[in-house]
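Thank you for making time this morning.

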Amino acid sequence: MSLTDVSSQPTLKSRLGRISKNTWMISIALVVYAALSIAILMHFQAVPRFRIDLSPLLRSEMAVQIHVAAAVTTLLVGTVLMFAPKGFRLHRTLGWTWVVAMAVTAGSSFFITMIFETHFSPIHALSAWTMIGLPMGIAAIRRRDVAKHRKEMTGMFVGAMLIAGLFSMLPGRLMWEVFFTT
């Protein structure tokens, strides 16, 4: 192999550049989630077993139930929107459904103060950002700026639904109680 052949090889930086920002965020979130979950489970010397029990959710306050219902709707509709071909017939209708469900998810979170009983937690900053980002994503598509629209909406889906949803599943939290027992 000559020196000229080496320069035509993709560099590590160019290969890493092909991995999207969202992939990096999800990867980092999974590592942090795994570390926190293991630490919590080791601290309490607990071994989780999968099971579905909706009773903790049904016993929770109405704001939590509304929040979870809207979040599940947002996750399901968002998944369809992410994987279906863009511009398909129902994209606009499902998109508005997603926006409304996302607004309800973010808005209802302001009535939930389980982490810090009398104050907002850092997760509420994500809800505030979502309430700002939704109109920005809508404005982008109205301007026919598809790239900006895709970036805003995908960012909210990844950040607010996938990553925040993942951390709602930490041991000891309500969604953990719904899906696992220790």
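This is a predicted model: local features need pLDDT of at least 70, side-chain atom pairs count only at pLDDT 80 or more; totals for chains, interfaces and linings use all residues.

Let me begin with Arg-144, which counts as exposed at 71% relative accessibility, where exposed means over 50% relative accessible area, buried under 20% and partly exposed in between, with a 1.4 Å probe and protein chains only. Residues are numbered from 1 along each chain as its sequence is written, and side-chain values use heavy atoms, with hydrogens and water left out.

Arg-144 sits in the loop between α7 and α8, and its phi is near 65°, a positive value in a residue other than glycine. Most residues other than glycine have a negative phi. Gln-45 also has a positive phi, near 50°; it is found in the loop between α3 and β1 (49-50), and at 73% relative accessibility it counts as exposed. Helices here are DSSP runs of H or I with at least four residues, strands are runs of E with at least two, and both are numbered from the N terminus.

On the surface, Trp-24, Ile-28, Val-32 and Leu-36 form a nonpolar patch with about 350 Å² of accessible area together. Such a patch joins nonpolar side chains (Val, Leu, Ile, Met, Phe, Trp, Tyr) within 5 Å, from residues with over 30% relative accessible area and no salt bridge, a salt bridge being a side-chain nitrogen of Lys or Arg within 4 Å of a carboxyl oxygen of Asp or Glu; the areas come from the Shrake-Rupley method with a 1.4 Å probe. Leu-36 lies in helix α3 (residues 21-43) and is partly exposed, at 37% relative accessible area.

Turning to the pockets, the largest pocket holds about 1100 Å³ of space. On a 1 Å grid over the protein atoms alone, a pocket is an open set of points where a 1.4 Å probe fits, with protein on both sides within 12 Å along at least five of seven lines, and lining residues have an atom within 4 Å of a point. Its lining comprises 40 residues, with His-67, Ala-164, Gly-165, Ser-168 and Arg-173 nearest the centre.

The second largest pocket holds about 720 Å³, the volume being the space filled by probe spheres set on the points. Of its 21 lining residues, those closest to the centre are His-91, Gly-95, Ile-141, His-149 and Met-153.

Terms used: Patches are made of residues with over 30% relative accessible area and no salt bridge: like charges are joined within 9 Å, nonpolar side chains (Val, Leu, Ile, Met, Phe, Trp, Tyr) within 5 Å.
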